[in-house]
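Here is a short briefing on one protein model. Look over the sequence and the fold before reading on.

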Amino acid sequence: MNKLLTFFALIFITISCKTEGGKDNYVLPTSTGNTNKILVVIKGVDWEGRIGDEIRTVFGEHQVGLPQPETLLSVSQIDPTGYKGFIRNAKAVLIVREGEKEKIAVEKNKYAQPQILIYATAKDKDGIVNLIRNRGKEITQLFKDEDIKFTQRIFNKEKVDESKFKTIKNLGVTITIPKRYNLVEDTGDFLWLRQHLKSGIARGDGSNNILVYSYPLKDEAKVADNITKMRDVIGEKYIPGSKEGMYMITEQAYTPFTYDAEIDGKKAYETRGKWEVKNDFMAGPFINYTIVDKEHNRVIVFEGFTYAPSVNKRDFIFELEAIGKSLTIK
C-alpha cells in the first residue's frame with residue numbers, strides 16, 4: 001500500500017504543479033515541431049476557402065535571397081475538433097476563430113514548452129481575411145522571433161569557446177556559435193568558421209560558413225550603400241576559389257535586399273542575397289549584418305553564407321540568422 005501511494009505521489013509531482021507565490025507552475029511537456037513551421041487550427045471548410053487562401057498567400061511568400069523558391073513559413077492545418085491531446089504540444093500554433101472583437105493575441109507555454117500560440121480573431125469570415133491580410137507580416141515576425149530565441153537557447157548549450165579566437169577577442173564581441181563550426185582562418189582582424197553539411201547534398205559536401213570582421217566608420221550615411229562593395233573586397237582577399245583568379249563575390253545578376261535592423265541595441269543593416277565564385281560555378285545564399293558601432297568609430301560585420309547544392313537552404317540561412325543576432329559588443 002505504501003509503495004502504491006509513493007507511486008501516485010511521484011506521478012502527481014510530475015504532472016501536477018508546484019505552488020510558488022500563490023501561483024500554480026505546471027510541469028509542461030516538451031513542445032514538438034521544427035523551426036519555421038506552424039500549425040493552423042481552423043475548420044476544414046475555411047481552410048479550403050478564402051481564409052485558407054489568404055493564410056497560404058501570407059505565409060507562402062518566398063524568402064528573399066534564396067536560389068530556389070522557399071516559403072517564409074511551412075504551414076499545416078488541423079480542424080479545431082482535432083486540436084487536442086499531444087497535438088496541442090505543437091511549438092508554433094495559429095488559432096483562427098470568430099469573436100466579438102478583432103484582435104491578435106499571444107499566449108506562451110500553455111500546453112507545452114517552449115510554445116507560442118497566436119489567436120487571430122474577427123467578427124466574421126471577411127474580417128478574418130482582412131486581419132490576416134493586414135497583420136500577416138506581424139504574425140509572421142512573432143513566429144520568427146520565437147524561433148530565433150528557441151534556436152539561440154539550443155546553441156547556448158553547445159557553444160564554442162570563443163575566447164580562443166583572436167579576431168573575436170580583438171573586436172571585443174561575443175557570439176553564440178555551436179561547437180560544430182570549425183576554424184578555417186583567424187587573422188586577428190578576420191574570422192572564418194565552417195560547418196560541413198553532408199545529408200542529401202550533391203557534388204560532395206556542402207557547408208555553412210561564418211565570417212566576422214570590422215572596418216573603420218568613415219561616413220555613416222554611406223554604410224548601407226557600401227555593403228556589397230565591402231563584402232566583395234573581403235571575398236577577394238580571404239575567400240578563394242579552387243584556382244588562381246577565383247574568389248567569392250556578390251552575384252552580379254541578383255540585387256541583394258537590404259533592410260534596417262538592430263543588433264545589440266545598435267543601428268544595423270540586414271542584407272540577404274546570393275554569392276558566387278568569380279569564374280566558377282559555385283554559388284549560394286548569404287545573410288549579412290552590418291552594425292554601426294559609433295562608440296568605437298567602426299563597422300562590425302557578421303556574415304553567414306551557405307553552399308548546399310540541390311537541397312533547400314532556408315533553414316541553413318535561418319541558423320546563420322540566429323547566430324548573427326546573438327552578437328553583442330562588450
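**Cavities, salt bridges and a pocket**

Gln63, Lys144, Arg272, Arg314, Ile317, Phe318 and Glu321 line the second largest cavity. On a 1 Å grid over the protein atoms alone, a cavity is a set of points where a 1.4 Å probe fits but cannot get out, and lining residues have an atom within 4 Å of a point. This is a predicted model: local features need pLDDT of at least 70, side-chain atom pairs count only at pLDDT 80 or more, and totals for chains, interfaces and linings use all residues. Residues are numbered from 1 along each chain as its sequence is written, and side-chain values use heavy atoms, with hydrogens and water left out.

**The second largest cavity and helix α7**

- The second largest cavity has a volume of about 50 Å³. A volume is the space filled by probe spheres set on the grid points, which are joined across faces, edges and corners.
- Helix α7 gives the most to this lining, with 4 residues. Helices (H or I, at least four residues) and strands (E, at least two) are DSSP runs, numbered from the N terminus.
- By class, the lining of the second largest cavity has 2 nonpolar, 1 polar and 4 charged residues. Ala, Val, Leu, Ile, Met, Phe, Trp, Tyr, Cys and Pro count as nonpolar, Asp, Glu, Lys and Arg as charged, and the others, Gly among them, as polar.
- Buried means under 20% relative accessible area, exposed over 50%, and partly exposed in between (1.4 Å probe, protein chains only).
- The buried residues of α7 include Arg314, Ile317, Phe318 and Glu321.

**The largest cavity**

- How many cavities of 30 Å³ or more are there? The count comes to 4.
- The largest cavity has a volume of about 60 Å³.
- Its lining is made of Lys91, Ala92, Pro114, Gln115, Ile116, Phe143, Glu146, Asp147, Phe150 and Arg153.
- Helix α4 supplies the largest share of that lining, 5 residues.
- The lining of the largest cavity divides into 5 nonpolar, 1 polar and 4 charged residues.

**The largest pocket**

- The largest pocket has a volume of about 520 Å³. A pocket is an open set of grid points with protein on both sides within 12 Å along at least five of seven lines.
- Of the 19 residues that line this pocket, Gln63, Leu72, Gln141, Glu270 and Arg272 are the closest to its centre.
- Which strand gives the most to the lining of the largest pocket? Strand β13 does, with 5 residues.
- Helix α4, β13 (257-263) and β14 (266-277) each supply at least two residues of the pocket lining.
- By class, the lining of the largest pocket has 6 nonpolar, 4 polar and 9 charged residues.

**Salt bridges**

- The whole structure holds 22 salt bridges. A salt bridge is a side-chain nitrogen of Lys or Arg within 4 Å of a carboxyl oxygen of Asp or Glu.
- Glu146 and Lys108 form a salt bridge through their side chains (2.7 Å, N to O). Glu146 lies in helix α4 (residues 125-157) and Lys108 in strand β6 (residues 103-108), so the pair ties together parts that are 38 residues apart in sequence.
- Glu146 is buried, at 15% relative accessible area, whereas Lys108 is partly exposed, at 45%.
- Arg180 and Glu158 also meet in a salt bridge (3.0 Å, N to O). The pair links distant parts of the chain, 22 residues apart: Arg180 is in the loop between β8 (173-174) and β9 (182-186), and Glu158 is in the loop between α4 and α5 (166-171).
- Glu270 forms a salt bridge with Arg272, with the closest N and O atoms 3.0 Å apart. Glu270 is buried, at 11% relative accessible area, and Arg272 is buried at 7%.
- A network of salt bridges links Glu270, Arg272, Glu321 and Lys325.

**Around Thr250**

- Thr250 lies in strand β12 (residues 248-250). Is Thr250 buried or exposed? Thr250 counts as buried, at 5% relative accessibility.
- The side chains of Thr250 and Arg231 make a polar contact (2.8 Å). A polar contact is a pair of N or O atoms within 3.5 Å; within protein, one must be able to donate a hydrogen and the other to accept it, and residues adjacent in sequence count only if both atoms are side-chain atoms.
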